Amino acid sequence: MKKAVGIVVEYNPFHNGHKYHLDKAKELGNIVIGVMSGDYLQRGEPAFINKWSRAEIALKEGIDILCELPSYYSTQSAEIFAKSSIGILKNLGVSTILFGSESSDIEKLKKILELEKNEEFNGEIKRNLDRGISYPNAYSLSIKKFFEEDIEINSNDILGIEYLRAIKYYDEKIEAKTLKRRAGGYYSQKEENNIMSATGIRKLMFENKNIENLVTTNSFEVLRNQRFTKITEFYPLIRYAILTKKDKLSDYQDVENGLENRIYEMALKYENYQEFFNNLITKRYTIGRIQRILIHILLDITKEDTNYLKENIPYIRILGFSKNGREYLKNIEKNNDIKILTSFKNIKKILKENEIKFLELNERASIIYKIINSYEDRKIPIITD
């Protein structure tokens, strides 16, 4: 059996830093398996370009198997996002995962995870939350107080900790490795050695500036023929969903008691997305969390469904594979009970009724995406040599 290395990606868009990450993953095994967010991302945004265009780039760049992280996972908090991603990779037989982080110190991240066994540490988190601070900031502040070294915890470090937690949850012998991010932080627009964050690159592209030196040739060729998506374009759909689901708003994932009233009032009051959004943000609710809540309302992702999905992976949808990837998948399918989808043919014979429900939820999410940014859907995976 070939040694498989797993990576969790968004490629929004694929840039030189991603190429470095993929190349390093290839050095660790014979097969690289990627789990990529579909048409919606972890920070609660629609993808800059659609999932099939991003899949095309990833496969041209040499990924062996690419599967979709469905919208009901890809738009969740770091904990659920990481747990579902690792669950998919576990079912595909990876022995190693490689993720980028700001600290690039796997042992330090493991020590931070161990801190959670400390009751005083958990009490400090709660005290910070009671002060109205968002969970990521409350967590980071608590780490600084209890950790024996000076440390700066950023978003990819927190996500890395969640990957480690997920590996522990599944009790898998998966080895975790981390790689220092070569671009700046998520919101950074700083360029260093032809590497810039995806956020910075998107900003340049919206301003019609040249990004050819920041992305690979394959990425540039696909990007030059794309229409790009902004969350502001989705506001009429989001607003309609909020106003027509007034009595159900509290059922949606991440909506805390009382927040549903504020969301409704702001949607009723503001026709402009930025005014609406600015009036929802508080110290307690990060930009990412508010955006995730809005996408959950739009896509009908409920607390009840999320509770089920945290413990069950209904299926794995393959977006593409190489020749090596195809051979690997054949062996996995022979020795695994997980339902791997390469088409929707005979789907009712493959999936149970409740599993079909989540497949349809994700397909509906893509249909909504295509209202704003239409693309030609594919029924079978992209195949490369």
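I began with the β-α-β unit, which in this predicted model is right-handed and is made by strand 2, helix 2 (residues 51–60) and strand 3. Strand 2 (residues 31–37) pairs with strand 3 in the parallel sense, and I found five bridges between them.

I then looked for the partner of strand 3 in strand 6 (residues 316–321), where the two run antiparallel and are joined by three bridges. Here leucine 66 has glycine 320 of strand 6 as its bridge partner. I also checked burial: five of the five residues of strand 3 (residues 65–69) are buried, so the strand is largely enclosed by the rest of the structure.

Next I turned to helix 12 (residues 259–269), whose buried residues are Leu259, Glu260, Ile263, Tyr264, Met266 and Ala267. These residues cover an arc of only 165 degrees around the axis, which puts them on the same side of helix 12. Looking for what covers them, I found that helix 11 (235–244), helix 13 (273–278) and helix 14 (287–299) are included.

Last, I looked up phenylalanine 276, which, leaving aside residues up to four places away in sequence, touches Tyr235, Ile242, Ile263, Met266, Ala267, Tyr270 and Leu294. In the largest nonpolar core, which has 129 residues, Phe276 is listed with Ile97 and Ile242 as those with the most contacts inside it.

Key. Residues are numbered from 1 along each chain as its sequence is written. This is a predicted model: local features need pLDDT of at least 70, side-chain atom pairs count only at pLDDT 80 or more; totals for chains, interfaces and linings use all residues. Side-chain values use heavy atoms; hydrogens and water are left out. Buried means under 20% relative accessible area, exposed over 50%, partly exposed in between (1.4 Å probe, protein chains only). Helices (H or I, at least four residues) and strands (E, at least two) are DSSP runs, numbered from the N terminus. The arc is that of the directions from the helix axis to the C-beta atoms. Contact means heavy atoms within 4.5 Å. A nonpolar core is a set of buried Ala, Val, Leu, Ile, Met, Phe, Trp, Tyr and Cys residues joined through side-chain atoms within 4.5 Å. Two strands pair if DSSP finds at least two bridges between them. A crossover is right-handed if, with the strands pointing away from the viewer, the path from the first strand over the helix to the second runs clockwise.
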